[in-house]
Amino acid sequence: MDIRIEQPFWLLLLLPIAAYFVFTWRSSNMKWRSRGTILYVLRSLAIILLLISLTMPTMILPDDEEQVLFLVDRSVSIENAGEIADEWIAESLKARQAHQSVGIYSFAGDFRTDIQLTDRDIAPPVVEPMEKRDATNIANSIDLALAVAKHNLATRIVLLSDGLETEGSIEELLPKYNSDRIQIDTVTLERPNSNDASISLFETPRTAYEGEKQVLKVEVESSSKTTGELLLYRNDQEILSRAVELDEGGNTFSFQVEAEGNGLLKYEAKLIVPDDSFLENNRMLSVTMVKESPKVLVVQTERSPSAIPALLDRQALEVDVVNADMLPESLSGYLPYGAILFDNVPGHLVGEHKMGVIEQAVKNFGTGFMMIGGDESFGLGGYFKSPIERLLPVEMEVKGKEQLPSLGLVIALDRSGSMSGSKIVLAREAAARAVELLRDDDTFGFTAFDHEIWEVIPVGLLHDKVDAIEQILSVPAAGGTDIFPSVAKAYEDLSDLKLQRKHIILLTDGQSEMPPGYEEVIEEGKKNNITLSTVAIGTDADWGLLEELSDQGGGRFYDVVDESTIPAILTRETSMLTRTYIEDDPFYAEFSNVPEWTNVFNEGVPQMNAYIATTPKATSTIVAESPKEDPVIAEWMYGLGRTVAFTSDSSGKWSGDLARWSGYPEFWNAAVSRLLPSYEEVPFLITHERGGVFTVTDSSRKSAFLDIAIVDEKGNEVDFQSEPLAPGKTRVTIDADPGLVFFRVSDEKGGMFEAGVSVPYSDEYKPSSPNAALMEKIAERTGGAVLDENPADAFRQHPFKSGENLPINRWLMLMAMILFFVDITLRRFGMLSGLFARPVKEIEPTVVRPKEDHVSELLKNKKKR
């Protein structure tokens, strides 16, 4: 048994307390057998006990229990050696003693408990692969293992690994484990012999000029002599295929290709080798920025070709024209462009996903964006609450709701089992957006159907939008498909209502038989001013029937392949019903003082015929407005990119004399110039350290701090951690899968740099020999041993003697309180008086005679005479 104290500095108070005790003893002139001496001693003991309790003393009770924790590396680099590790543990368990508890844990990039620490008999479990197996973090795994162990017992960790760290650093944490109680034994595992070839380096020039010959360098590591095929891609198009012979070790290949295209070129190298162990290390990306004149993307539709490309200066600008349904899916398809123009493009041809990618290009990479009006743009295009509306300086909602027509809208949604997943989610979201566009006094109904009708919201006045949206979003998917009953009910519910506009929207992805006479129901509905639009979701829908229904019902038919376009369709349908968007009275726009625009109209402003009504956002700049104070041209900065809304059209149908004006080309060239990024490019360097770790440096050393944004090819913002190293220098750790990501780096002076960066595959996939030196160092620094050949030694006797720490400070405080109580009791009731009283001699009593009366004394004296 032993007693230890955790905070001994409290004992320093003994010095002033002892001095005080001596002073009070001498000044009181007490004698050793006096009553005050006992009280003095009681108080002194109580104070000393209180003082000792402050030092947090503990009593160590001996215990022979030990705990042994097996920590097994299950990462990719050693995954095939898992059986060897399990056999080693099973052999070592034969030497386990009764007083030893055992736990088995697995680790890679994360940590997992296979068998909890127990004193029962165990056997190595059958384990599943780790979730994050493409990393090895030894330091974190040892920390977590010790966290689950008992802190007062002798502990031995047996680490089975190849010692190849890809995350963390165990050497930095070894001083933390420098304790007699903790030992770390190591067992070095080796990857079983297997054939593997990997691309270790793929290098392309950082910058190039269009048409320039570029040298592409590929380095391949191979574990054996073999043959394979090397493929090169540029912007996902194959440009080269070459049969290669690989020697054991390093192999270098160089290829010369012409820099075709412009802006950001994405190159990819792929290696195909038979019987390869890992496919993850056979692919690597690189990027090259091709310098050229500014590039502009004009987006149009087949129905409404854009007039803008013919008006732009092709000597100063390179203009690409694309139909809305052919827009790129990934961010790399937009970054080559300095500006993107949507010319009368409906949202349902673009889709929410592509809108989100364009939003990232504008917000984080400075790409300019302009929306041009028309009968399929802005609110009529279905952009309400879309990513495009977020980046524009105007909202799709319009003023003057009291002037809007009375409306009845019924949505019939297919909720059959085939609609499960993203279909039902997007359809519910679309219906919810439609509700948000309605007024409280509009009539609304929502019916979900499978083989039966589910009247979710009966047709009636829309009093509570929030409640209606909650009901819509709660509709599940299940059952079969029977279309007509829900359509017939919608016609029946709307037929007798006295409303200016009555409309039905049918959404389905299936097919069903239509009963005889369904045409009469629709024709009768048209007499009651009811229209019907249909949305066919997916290739299984009966497109022919749905298109026929919309034609007969006087509405519109939408064939949906991209499910993300559903919200834009319903928003467009509802907007066309609820708003009189088009203002078609000829007008002259009034311009504010924005020199980049007003300089175009030095000779006057031509008359325009019409525009589409929108509402300016609070912080936007109104460049030109109509006599009704609606924005005709509005702009603002959205993140790093400038966006412009031009609510008239480009064809001349709405823009009128502006389109016939001699300065019309100058107007559009000024608009594009306004959109192009105006930042000063600064030479930032992005260097790769390892894995997902990069260093961003301002080579000019003029930046105090760096603002960094990272986006992947799908337009999603990438999570990362940044660590400032010095002014203008930051370390960035990316949480992203191998592939291409895009950095946007800017500083406080307006400098900006864009770069595509390849996140390589994990070092776990690189052929490497075990780090035996690190494994030996771990064992040596913690008092452990290397146990490669001796499994039984894992259960050798631990030099540290375990013990249970029993805190005794509360007992000391209790004793001090008892002593204080005794002290108070003795002083209050004088129970020590008899013990220290002096002896007293006995005295004979004196008899006092009572004095006689004075008269009697006088009579006595008289008789004597």
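Trainee: Among contacts in the chain with a separation of 6 or more, what share comes from residues 24 or more positions apart?
Mentor: Such residues account for 73% of those contacts. Please keep in mind that this is a predicted model.

Trainee: What is the radius of gyration of the chain?
Mentor: The chain has a radius of gyration of 43 Å, whereas a compact globule of 865 residues would have one near 29 Å. The C-alpha trace spans about 165 × 105 × 65 Å along its principal axes.

Trainee: And how many helices and strands are there in the chain?
Mentor: The chain holds 20 helices and 42 strands.

Trainee: What percentage of the residues count as buried?
Mentor: Of the 865 residues, 49% count as buried. The accessible surface of the chain comes to about 42,200 Å², and carbon and sulfur atoms contribute 51% of that surface.

Trainee: Changing topic, how much space lies in the second largest pocket?
Mentor: About 1,000 Å³ lies in the second largest pocket. The pocket is lined by 40 residues, and those closest to its centre are I734, D735, A736, D737 and V759.

Trainee: Which strands each supply at least two residues of that lining?
Mentor: They are β15 (283–291), β38 (720–726), β39 (729–734), β40 (739–747) and β41 (751–759).

Trainee: How do the lining residues divide into nonpolar, polar and charged?
Mentor: The lining has 16 nonpolar, 10 polar and 14 charged residues.

Trainee: Now for single residues. Where is G338 found?
Mentor: G338 is in the loop between β17 (318–323) and β18 (339–343).

Trainee: Is G338 buried or exposed, and why?
Mentor: G338 counts as buried because its relative accessibility is 13%, and the cut-off for buried is under 20%.

Trainee: Which residues does G338 touch, leaving aside those up to four places away in sequence?
Mentor: G338 touches K295, G366, T367, G368, L675, L676 and P677. As for L317, 21 residues from G338 along the chain, the two C-alpha atoms are separated by 10.0 Å.

Trainee: One more residue, then: in which helix does I84 lie?
Mentor: I84 lies in helix α3, which covers residues 82–92.

How values were computed. Residues are numbered from 1 along each chain as its sequence is written. This is a predicted model: local features need pLDDT of at least 70, side-chain atom pairs count only at pLDDT 80 or more; totals for chains, interfaces and linings use all residues. Side-chain values use heavy atoms; hydrogens and water are left out. On a 1 Å grid over the protein atoms alone, a cavity is a set of points where a 1.4 Å probe fits but cannot get out, and a pocket is an open set with protein on both sides within 12 Å along at least five of seven lines; lining residues have an atom within 4 Å of a point. Grid points are joined across faces, edges and corners, and a volume is the space filled by probe spheres set on the points. Helices (H or I, at least four residues) and strands (E, at least two) are DSSP runs, numbered from the N terminus. Ala, Val, Leu, Ile, Met, Phe, Trp, Tyr, Cys and Pro count as nonpolar, Asp, Glu, Lys and Arg as charged, and the others, Gly among them, as polar. The radius of gyration is taken over C-alpha atoms; the globule rule is 2.2 Å times the number of residues to the power 0.38. Buried means under 20% relative accessible area, exposed over 50%, partly exposed in between (1.4 Å probe, protein chains only). Contact means heavy atoms within 4.5 Å. Accessible areas come from the Shrake-Rupley method with a 1.4 Å probe; for residues, only the protein chains shown count as cover.
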